Amino acid sequence: MEFLVGIATAAIHGLVMVPLARLQWRVPMLVVQVVVALLLHATSVVVLMRLGLLGEYWWLAASFGFGFMVYLFGFSALYKSLSLRILVDVLAHDPGGAQLEGVYQRVIERSFRERSEILEQGGLVARQGDLYAATARGLALAGRIGRLRTVLGVVSGGIYFAKRAAPGGREAGR
Amino acid sequence: MRVRSGALRIGAAASASLLLWSALIVAWLAWRPEAKLLAGDAAAGVLFIAAAALATYSAWALVAFGYTISMLVDIARVGKPVTTLGWAAAYGHGRGLRAMFEDRLRVLLAMGLVRAEGGGVSLRGASARMFAKFVRWMMHIAFGKKA
């Protein structure tokens with residue numbers, strides 16, 4: 001029973017998030033996801049207790065946690081993955097295919113603009129005319145991320161196949 | 001031994017955890033032969049480890065490959081005000097935004113979803129087309145017009 005309820009609650013969470021993910025939130029989407037998940041999990045615990053059906057709590061927690069993480073993994077890919085956005089853009093130009101330059105402008109440059117706005121709105125980057133610079137808060141956060149990357153041995157700098165992409169991108173000369 | 005790939009590291013950690021969990025169950029049964037092993041406990045342990053592996057990988061991927069995070073780290077690394085073009089050139093420790101585009105494209109090429117020829121890119125076959133339509137449909141359901 002606990003396993004069924006745990007997985008069912010994770011499925012309900014996915015359904016509840018469909019309308020909620022379409023709204024604009026002041027807090028990050030991950031926070032919304034976690035808060036909704038905790039509320040639903042607490043509700044499932046209370047309902048099972050009231051019905052006298054809660055035997056092993058950790059069976060319920062483990063199954064709900066697993067279902068929630070699978071959902072979150074898929075949601076994150078749809079929400080942020082640039083590879084999937086490139087794929088969907090190519091689909092929009094099917095069957096003839098798309099020009100690489102067009103895909104670059106529509107997906108990568110557009111995302112770059114959107115994310116620079118997010119950093120600006122978050123007070124991590126400041127803009128003066130055409131120039132951008134990290135704020136004191138941005139520098140502090142970047143420093144923490146840099147140290148975390150060092151501890152974890154991350155050398156990719158946001159590139160999956162880092163060894164194949166040599167420093168000195170083509171933008172540098174433009 | 002040092003494993004560079006984050007996915008391999010987390011896979012190895014999850015496998016080691018599963019082995020440890022199995023060993024603990026065997027040890028428990030050996031120590032208390034009269035104890036009844038609940039299959040639910042064993043299954044819950046496996047689900048717990050799988051959830052932890054997914055959570056760890058998600059956090060790892062965000063720190064290592066996150067687009068917005070990398071943009072922030074790179075503009076901080078430059079250390080002076082830059083234009084949009086300069087910021088794009090600084091991406092990925094100076095590899096540039098186009099290198100990142102080629103990198104993401106390489107993921108799709110490696111998965112056999114697209115083919116790139118003569119400055120163009122197209123879907124590779126019926127299964128790639130079906131998968132792309134599924135992704136577009138899921139994006140539409142999940143985010144509506146925001147997608």
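**Strands, contacts and cores**

Mentor: Let's start with an open sheet of 3 strands, in the order E1(A)-E2(B)-E1(B), with antiparallel pairing. This is a predicted model, where local features need pLDDT of at least 70, side-chain atom pairs count only at pLDDT 80 or more, and totals for chains, interfaces and linings use all residues. Residues are numbered from 1 along each chain as its sequence is written, while chains are lettered from A and ligands numbered from 1 in the order in which they are written.

Trainee: What makes E1(A) and E2(B) a pair?
Mentor: Strands are DSSP runs of E with at least two residues, helices are runs of H or I with at least four, and both are numbered from the N terminus. Two strands pair if DSSP finds at least two bridges between them. E1(A) and E2(B), residues 120–123, have 2 bridges in the antiparallel sense, so they count as paired. Gln99(A), for example, stands opposite Gly120(B).

Trainee: And how many bridges join E1(B) and E2(B)?
Mentor: There are 4 bridges, again antiparallel. In one of them, Ala116(B) has Val121(B) in E2(B) as its partner.

Trainee: How do you know which residues of chain A are in contact with chain B?
Mentor: Contact requires C-beta atoms, placed from the backbone, within 7 Å of each other. On that basis, 72 residues of chain A are in contact with 68 of chain B. H3(A) gives the most to chain A's side, with 13 residues. By class, that side has 47 nonpolar, 16 polar and 9 charged residues. Here Ala, Val, Leu, Ile, Met, Phe, Trp, Tyr, Cys and Pro are nonpolar, Asp, Glu, Lys and Arg are charged, and the others, Gly among them, are polar.

Trainee: Why is chain B called more spread out than a compact globule?
Mentor: The radius of gyration is taken over C-alpha atoms, and the globule rule is 2.2 Å times the number of residues to the power 0.38. For the 147 residues of chain B the rule gives 15 Å, but the radius is 23 Å, well over that, so the chain is more spread out. Its C-alpha atoms fill a box of roughly 70 × 45 × 35 Å along the principal axes. Chain B has 6 helices and 2 strands.

Trainee: What makes a set of residues a nonpolar core?
Mentor: The members are buried Ala, Val, Leu, Ile, Met, Phe, Trp, Tyr and Cys residues joined through C-beta atoms within 7 Å. Buried means 20 or more other C-beta atoms within 10 Å of the residue's own (12 or fewer is exposed, in between is partly exposed), with C-beta atoms placed from the backbone. In chain B, 29% of the 147 residues count as buried.

Trainee: Which residues touch the most other members of the largest core?
Mentor: Of its 45 residues, those are Leu87(A), Val90(A), Val103(A), Leu72(B) and Ile75(B). The largest share of this core, 7 residues, comes from H3(B). Apart from it lies another core of 14 residues, among them Trp59(A), Phe66(A), Ala44(B) and Ala51(B).

Notes:
Two residues are in contact if their C-beta atoms, placed from the backbone, lie within 7 Å.
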